[in-house]
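Try each task yourself before reading its solution.

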There are 2 protein chains.
Amino acid sequence: MSKHALRIIPLGGLGEVGKNMMVYEYGREAMIVDTGLMFPENDMLGVDYIIPDLHYLKDKTDWVKGIVITHGHEDHIGAIQHVLDMVQAPVYATALTRGLIEAKLARNGGLNKANLNTVHAGETIKIGPFHVEFIHVSHSVPDGVALGIQTPAGLLVHTADFKFDQTPVDNWPTDFARLASLSEKGVLALLSDSTNSVRASWTPSERVIDGALDEIFSEAQGRIIVASFASLISRMQQVVNAASQHGRKITFAGTSMVDNVKIASKLGYLDISDQEQVPLDQALKMPDDQIVIMCTGSQGEPGSILGRLSTDRYYQFNIQEGDTVILSSHPIPGNEETVFRTINRLFRRGASVFYEEIAPVHVSGHASQEELKMMINLVKPKYLIPIHGELRHLKQHAEIGRRVGIPTENIFVIENGQVLEIEDGQARLGERVPGTYVFVEGADVQEISTNVMRERENLSQSGLVLVKLNLNEQTGKLRGEPEITTYGFILKPDNTITELVVNNLSRANGNLQQSLQKAIQSYLYEETRRRPMVFVTVNRV
Amino acid sequence: MSKHALRIIPLGGLGEVGKNMMVYEYGREAMIVDTGLMFPENDMLGVDYIIPDLHYLKDKTDWVKGIVITHGHEDHIGAIQHVLDMVQAPVYATALTRGLIEAKLARNGGLNKANLNTVHAGETIKIGPFHVEFIHVSHSVPDGVALGIQTPAGLLVHTADFKFDQTPVDNWPTDFARLASLSEKGVLALLSDSTNSVRASWTPSERVIDGALDEIFSEAQGRIIVASFASLISRMQQVVNAASQHGRKITFAGTSMVDNVKIASKLGYLDISDQEQVPLDQALKMPDDQIVIMCTGSQGEPGSILGRLSTDRYYQFNIQEGDTVILSSHPIPGNEETVFRTINRLFRRGASVFYEEIAPVHVSGHASQEELKMMINLVKPKYLIPIHGELRHLKQHAEIGRRVGIPTENIFVIENGQVLEIEDGQARLGERVPGTYVFVEGADVQEISTNVMRERENLSQSGLVLVKLNLNEQTGKLRGEPEITTYGFILKPDNTITELVVNNLSRANGNLQQSLQKAIQSYLYEETRRRPMVFVTVNRV
C-alpha cells in the first residue's frame, strides 16, 4: 500500500455495504463515518443485534482523528458505545443527531467519557488530513447531512441516507446548490445511497402522508393509534398536526418515543405545544374521539407496545372495537411476516387498520432511481461508488450510473472489507481486510461462530433427547430402565430405546456413550425422519 | 343447526381462509373443495409443512360424496394424501390438475387406492345434493376452474384462484360469459379470491413477461438459467418460446420440474418439441450461448437447485461469470430474506441476475382490485364471502365489495373454523368448529403443541448447558469436577459452576437437581444476560 493513497474501507461483514460504518484513511490518519448496528436475520438465532467488526481498527485506534455521524438512525448510531469503548476520538454530529446519541449513551452509561461536538450544515471542520463539509439532506429523520470530504487525494462526496424531498415536513430540502457547487471544484468520487436503487421514478414527498392522515382522521369515530419508529421525528410532527386539526390531543407511549419527543422538541425539531399533548393515563380517561396515541411497534416486535396491543398484553389499555390503528412504516426486510401477523391480530380485535399497502401512510426516506441520477448529475463525479445496500442494490445503482454516462470502469461495486485506494486521481481495488459479523447477545459481544449457530439451528429443528443410564460397574449390565428426557421433541412411549441400549452394551467397541448416541439417533431418524440431538450419560454404579 | 341449512366451513387453522380446504355441507351430505398444504412461517421451527385440521370430518367421513380440486398448486392439492387416508371419496379435477395429483400420489404411494375422475370446464356433475359446474378461469397454472355450485339453499360461485388475463399464454381466458349467465339465475353468494385485494388496478397479463424475456435473451452472452415454480406451466411455455426464438435449446433440471414438463406436454398443456429440448448433461457440453436451463429454487430454498448454485454446492455445474439468471417468481411472504440472499450470492459469483423488482419477469396469478370488482359485477351475488387470504386481505375485499354496492350486512368476513349457514335465502354465522394447525414433520403428522414449539424456541435462542456430577453416596459430597457440555452456547471457562454446585449441595432442600438447575441458570443469566437451557444429572456413587 502506498502512503500517498487515500483508502476507503467499508466495514460490516455481509451486511449492507458501508451502511453501518466506513473508514477513510490517509497515511496514518483516519476518520470514521457512522457507527451503526444491523438487525439480525431470521436465521441468526438468539442474536440481539449485530455491530461492525472493529478488528481492522484494533492496532490503529490512535490513527482515528474523528468520528462523524451523518444522522440519528440506529443503523448509523446504534454501535457507538462499542466503537467508543475502543476508539477515543471526538464525535461530530448535527444538533438532533447529537441529542439522539446522548440519549443512547446515557442509557448505556457511556455519556460522560464521550467527546461530543455539535456541527451545523454548511460548516466545514478539519479531521486529520480531511476537510469535512456538512451538507444538509432530507431524509426520514431531520438534520441529516451528506459529507463533502476534501482529501489529499481529491474531493469526495459521501451522501449517506438521502432523498430529494422538495416539500419536506421541516421545510428544509436537500442543499442542491451546495452539492452542485462541489462539482465545480471537481468531485473525484461519489459514494451514494443505494437503498432504493431498484425503485423506479422518484420517492414521494413526506407531504403525501398529510392527506392520508387527514382522510383517516376524518373518518375515525374512536381512538386513533399511530405506530411508527421512535426516530421518525417528521412523522411525529405530521401526526401532531393532524391531531390538532381534528381537535384531538396527542399522547406518546413507549420510552424511546417519549425520550425522542423531549429531545426533538427541546432542540426545536418538533413543534408541539403543551396544550396539544396529554400524558397517556389522562388520555385514556378522555372520550375516545378526542385522543391520538402515538407508539412504537410498527415492525410488529412482540415486546413492543403495538405487538402487545395485538395480543392483549399491554398493561395500560386494550384494543377495542372502533379503534383506528395506523402503521406508519415499512416492514424491514425479514419482518414482513411479523408485521402482517400483527395487522391481522389488530383486525381480529375489532380495529380498523391502515398500513402502507392500502393507504399512503408511509413513504420511503431514500432516493429512488431518478433521484440517484439527479445526484450523479449534480455532483458530476469521476468515480461512482454505490454504498448503503445489499450487493443487488449496488449492482443496480451501478447500472443507473452507466445509464447516466459514468464509464463502467469508473464504477466500483465493492463489498464490506474491500479496500478502495485512490492515488493520483486514479481509483483501484486494494486488499480485503478480514471481517465478519459481530453478534451482540445479552451482555456478550462476540464474533460469529458458525458452529454455535449451527448447533442452535439443529436444536431448533427437532429439539433434544437426553438419555441417562446406570450400568453395574462389575458386570457392565444395565441397572434399571434408562431415564429419558425430551425437550422440543415428542417421543412415542415404547421400549425400543431400552432394547437399543441393551443390544449396544455388548456390541459397542470404543466409546460406549458415542456409540449409544449414534444408535439412538439412527433409530429416531428411521422412526420419525427427524434428527433430534441425542445426549447419553452413562454412570457406572 | 337446521337440517335445511347449507353449511359452509373453511378449514385450516390460522392460515389463509378457505385456501387449503373448504367443506360444503347440506343435511348429512358434504363436498370438499381443495386439499392443500401451507408452508410454515419462520417461527414454526422444524415444521416441514402444515395441513388443514381434519378433526371436523372425523366422525362424518361417510358424509363426503366427493372432493373437487380447483387447480394444481400445492396450496390446493398438497394435502390430498392425508385427506384420502381418512376420506374415501371420488376426486374430481380437470385433466392437468389430475395429472399433477397423480404424480403427487405416485410419489407418496397413494395412487392405486385413489378414485380420480377427469372433468372438463363447462361440465356439470352431481356430488350428493350439489350440482357442480366447472367454469374455466385463468391463473398461473393452466386448467384452473371456478365452481358454480347449485345447492338446495341456492346458487353459489366459488372462484378459487383466478385473474382476468385477457391474453393468457394458453389463449384460454376466464369464461366471462358463463359467469355472467349465472347471475341471471340469481347467485346467492360469491366466495371470491382475496389474495391481491390490497393491490390497486388490474394484474398485468402473463404476456408482459414475453417482452422482458426477449430483452434479456437478446442481451445474454452466456448461459441463461431461469428459476421458477415447477407448477408454473405457462411460464415454462414462455421460456420454451423465448429459447426457440433466440436459437437456444432448453433443458430442465429438478425432479418436480422434469416430471411436470412430461405431464404437461403429454396432456397437451405444454407445446414443446423434441428438437427444442436436450438433457442437462448434453446441454452443459454445448456452447454457453446456445442453452437455457430451467430449474426450481426461485424461493431461494437452500436445498433447491438455484439455492445450491448460489452456494456452489450443485453437483452438475457451477455459476460462472457471464451467466444470466432470471428468477421468474415472487417471494412467498416470509421468504424475502432468503430470496434476496440468494440473489446477492448469485451476483457475487459473477452472474447477471434479473428478478421481479428490476424487470417484469413475473406477474401475479391473482386478481387485483379492479378484477375483484369485475367479478362481483359479473356474478351479481346477494352475499359476498371473501376467501383465500389473511384477515387483512378479507377486510380489504369486504371494503371493495361495499364500494361496488354490496350492503355491509351482506358481506361475511369469516375465518377458518367459522361456519356460515344459509337457509331460506338468508346467511347467518353458525358455530365455530375447533381446529388448529396440523404440522407435518418428517414422518409425523401432529397437532401443534405450543409447548414443543416453545421448547425449540428456547433452545434456538441460547442453546443448552449439560452438567453431570457425581456425589459420594455416603457423604453427599462432590466427587471430582462436574462435567460440563455446551451446545449452541459459549461458556467462559471458570470455576463458578463447580463452586455453585458445592454451595448448593448443602443448601438445597427438596429436589437437588432442580435447585442446581435454577442456581446455574440464574448465574448464567447474571453473567451473560442469556437463558440457555440447563440440565443437571446427579449420580450418587
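**Exercise 1.** Find how many residues of chain B are in contact with chain A, and which elements they come from.

*Solution.* Start with the count: 48 residues of chain B are in contact with 49 residues of chain A, where contact means C-beta atoms, placed from the backbone, within 7 Å. This is a predicted model, in which local features need pLDDT of at least 70, side-chain atom pairs count only at pLDDT 80 or more, and totals for chains, interfaces and linings use all residues. Residues are numbered from 1 along each chain as its sequence is written, while chains are lettered from A and ligands numbered from 1 in the order in which they are written.

Next, the elements of chain B giving two or more residues to this side are helices H10 (336–348), H12 (391–404) and H13 (450–462), with strands E23 (464–471) and E25 (533–540). Helices (H or I, at least four residues) and strands (E, at least two) are DSSP runs, numbered from the N terminus.

**Exercise 2.** Is H10(B) mostly covered or uncovered, and what do its buried residues pack against?

*Solution.* Eleven of the 13 residues of H10(B) are buried, so defined by 20 or more other C-beta atoms within 10 Å of their own, placed from the backbone. Among them are B:Phe340 and B:Arg341. The buried residues pack against H10 and H12 of chain A, together with H9, E16 and E17 of chain B.

**Exercise 3.** Work out why the copies meet through the same surface.

*Solution.* 100% of the interface residues of chain B are also interface residues in chain A, so the surface is the same.

Terms used:
Two residues are in contact if their C-beta atoms, placed from the backbone, lie within 7 Å. A residue is buried if 20 or more other C-beta atoms lie within 10 Å of its own, exposed if 12 or fewer, and partly exposed in between; C-beta atoms are placed from the backbone.
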